[in-house]
Structures are given as structure tokens and as C-alpha cells.
Amino acid sequence: MTGICSRLPKRKIDGWVVLDKSAGMTSTQAVSRLRRLARAEKAGHAGTLDPLATGVLPIAFGEATKTVAFVQNSAKRYSFVVRWGEERATDDAEGEVVESSASRPGAADIAAVLPEFTGEIWQTPPRFSAIKLDGERAYALARAGFDPDLKPRPVRIDGFDLVECLDGESARFDVRCGKGAYVRALARDIGRRLGCLGHVTELRRTQVGPFAATAAFSLDKLAESWQEAGSSEHLLPVETALVDIPALALTGVQAERLRQGQSV
């Protein structure tokens, strides 16, 4: 079916779809598959998810791509699991172990340090990240055997909560953060702070701005919708991305001034 869709003419589609991305797929791969299924002229995503991660990946079609920046700059929410005792090269379960510890923290120990990672904090991005250094992605340099010189930068953590200690070896957290914050870096840094080391084993994004997991659909569900009906009932309006932006009512005269490029 995908091969047939790729040979059909492209069509203009405007709006948003909230994909519940599965593990093992890159964000770019997800966009490409949905674009082919929808036969859309133009598509893009608002906020990269690691292949290991699952959850909310807002995908914009047509005119909605012009509003991607507003979504990328919005607040995000994640549910994730940190396994104690090992720090890994990628700060998640896919990397090799670089250091280990026999220490394990208790719930009270964890809760006591969370305020240190809340608010405006300085964070060094993971070595395996998409940040560019002299035109090269940090993860590409790391894979080539280099140690990317990543500088600490300010990020905003609006909330960082311990949900549960799972088995004495790991714990589940919920975090609400601003643009540019890395959950893998949080796991790494809290593990170091507790003296037990740690890395992410499970990561799910539950919200990006106005897009929540409750309105997200699997790739199979979205594919079924497009293949059976020729369009998706799950397509949201372009303006969905702008619901958090303050609105200003204009008079006819003011609107005309804006059309002419003049200030109001």
C-alpha cells in the first residue's frame, strides 16, 4: 500500500496530527511515513524524540508547518524511568557502560535532591545529542570517537516529581520542562548527585504544548484512517498550535494598517 501511495499525486493538506510514536523509530522516519500515507505536499514535526522514546510527536502538514516554531518553544512533559548503578555513554540503555556504582538511593534521598533540579538550572547536554558543533552533530562526533565539547546552558524545569521507586534498582519520574531540556541529562546528573549513577531505560513524552497523549494515535491507526477514508478524522486545525498565544481584537482600521505592514 505504501508503494501505491508513493506513486499517487501529492495533495494539499493543512493541519496537525498527534502521533503516538513507538520505540525504535526516529522522528524523521515517522514524518516520512505519514507524509507518504497522506500524500501530503509538505510535512514536518515539532520536537525530536529519540528512537528509544515513545509518545507525543506533533506532525504538521501544509500551512501548519509555519506554526511549528510555536510548538517547539512550548512546555513539554515526560514520564521516564531511571535505572541506578550505571552511567552509560548515551545516558540511556542503548549506550555502553562507562562507570558503575554499588550504591542505591532510597525514596527519601531522591526526593531530597529534586528541588536542586527544579527551576532555572544549568545543564550540559548529552554527548549523544543533535546539538551542532562547528557544523557537526554532537552524536556524529561521539560515534566517530571524539568527545564533543558541550557547554552547560540554562534550561527551565517547571516540575520534577518522584512517582515511584520500582524495585530498588530504578525509579519512575514525571518532569515538566521548557525548550532545550534533556531528560537523559537529568537522569545522568541526579545519578551523579546521589552518588549512585544512573541512566534512562524508559522515556515517554506525554505532552507538547497543546498536544497531549490523550489525543495521540499510533501510526497504524493513522494509516488505517487515511487508507480507508482518503483523509484522516484525526487531523486538527492549523490554529491548534496557537491556542496559548494571546489574541488581540483589532478594529477595521487597525487591521488595514497591519495589512500594509504598519504597526498598531
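## A nonpolar surface patch

Leu248, Leu250, Leu258 and Val264 form a nonpolar patch on the surface of this predicted model. Patch members have over 30% relative accessible area and no salt bridge; like charges are joined within 9 Å, nonpolar side chains (Val, Leu, Ile, Met, Phe, Trp, Tyr) within 5 Å. Areas come from the Shrake-Rupley method with a 1.4 Å probe, and for residues only the protein chains shown count as cover.

Leu250 is found in the loop between helix H7 (219-229) and helix H8 (252-259). Helices (H or I, at least four residues) and strands (E, at least two) are DSSP runs, numbered from the N terminus. Leu250 is partly exposed, at 35% relative accessible area. Here buried means under 20% relative accessible area, exposed over 50%, and partly exposed in between (1.4 Å probe, protein chains only).

## Basis of the model

The model is predicted: local features need pLDDT of at least 70, side-chain atom pairs count only at pLDDT 80 or more, and totals for chains, interfaces and linings use all residues. Residues are numbered from 1 along each chain as its sequence is written, and side-chain values use heavy atoms, with hydrogens and water left out.

## Overall build

The protein chain has 8 helices and 13 strands. Its C-alpha trace spans about 65 × 50 × 40 Å along the principal axes. Of its 264 residues, 44% count as buried.

## Strand S1 and its partners

Strand S1 covers residues 15-21. It is largely enclosed by the rest of the structure, because 6 of its 7 residues are buried. S1 runs antiparallel to strand S3 (residues 54-61), and 7 bridges join the two. Strands pair if DSSP finds at least two bridges between them. Leu19 stands opposite Leu57 in S3.

## Aromatic contacts

The structure holds 5 aromatic pairs. Rings of Phe, Tyr and Trp (its six-membered ring) pair if their centres lie within 6.5 Å; planes under 30 degrees apart are stacked, over 60 edge-to-face, and the rest tilted. Trp16 and Phe211 make a tilted pair, with 5.0 Å centre to centre and 40° between the planes. This pair links distant parts of the chain: Trp16 sits in S1 and Phe211 in strand S13 (residues 211-212), 195 residues apart. Both Trp16 and Phe211 are buried.

Elsewhere, Phe80, Trp84, Phe160 and Phe173 form one aromatic cluster.

## Salt bridges

The count is 19 salt bridges. Each has a side-chain nitrogen of Lys or Arg within 4 Å of a carboxyl oxygen of Asp or Glu. Glu169 and Arg104 meet in one of them, at 2.8 Å from N to O. Glu169 lies in the loop between strand S10 (153-165) and strand S11 (170-177), and Arg104 in the loop between strand S6 (97-100) and helix H4 (107-113), so the bridge ties together parts 65 residues apart in sequence. Glu169 is partly exposed at 26% relative accessibility. Arg104 is also partly exposed, at 33%.

Asp147 bridges to Arg127, with the closest N and O atoms 3.2 Å apart. Asp147 lies in the loop between helix H5 (138-143) and S10, and Arg127 in the loop between strand S7 (119-123) and strand S8 (132-133), so this pair joins parts 20 residues apart in sequence. Asp147 is exposed at 60% relative accessibility, while Arg127 is partly exposed at 29%. Lys151 forms a salt bridge with Asp149, the closest N and O atoms being 3.2 Å apart. Lys151 counts as exposed, at 55%. Salt bridges that share partners also join Lys12, Asp14, Glu63 and Lys66 into one network.

## Cysteines

There are 0 disulfides (pairs of cysteine sulfur atoms within 2.5 Å). Cys165 is in none; the nearest cysteine sulfur, that of Cys196, is 11 Å away. Cys165 is partly exposed at 35% relative accessibility. Cys177 is buried, with a relative accessible area of 2%.

## Positive phi angles

Asp91 is not a glycine, yet it has a positive phi of about 65°. Asp91 sits in the loop between strand S5 (86-88) and S6. It is buried, with a relative accessible area of 4%.

Leu197 is not a glycine either, and has a positive phi of about 65°. Its place is the loop between helix H6 (183-194) and strand S12 (198-208). Leu197 counts as buried at 8% relative accessibility.
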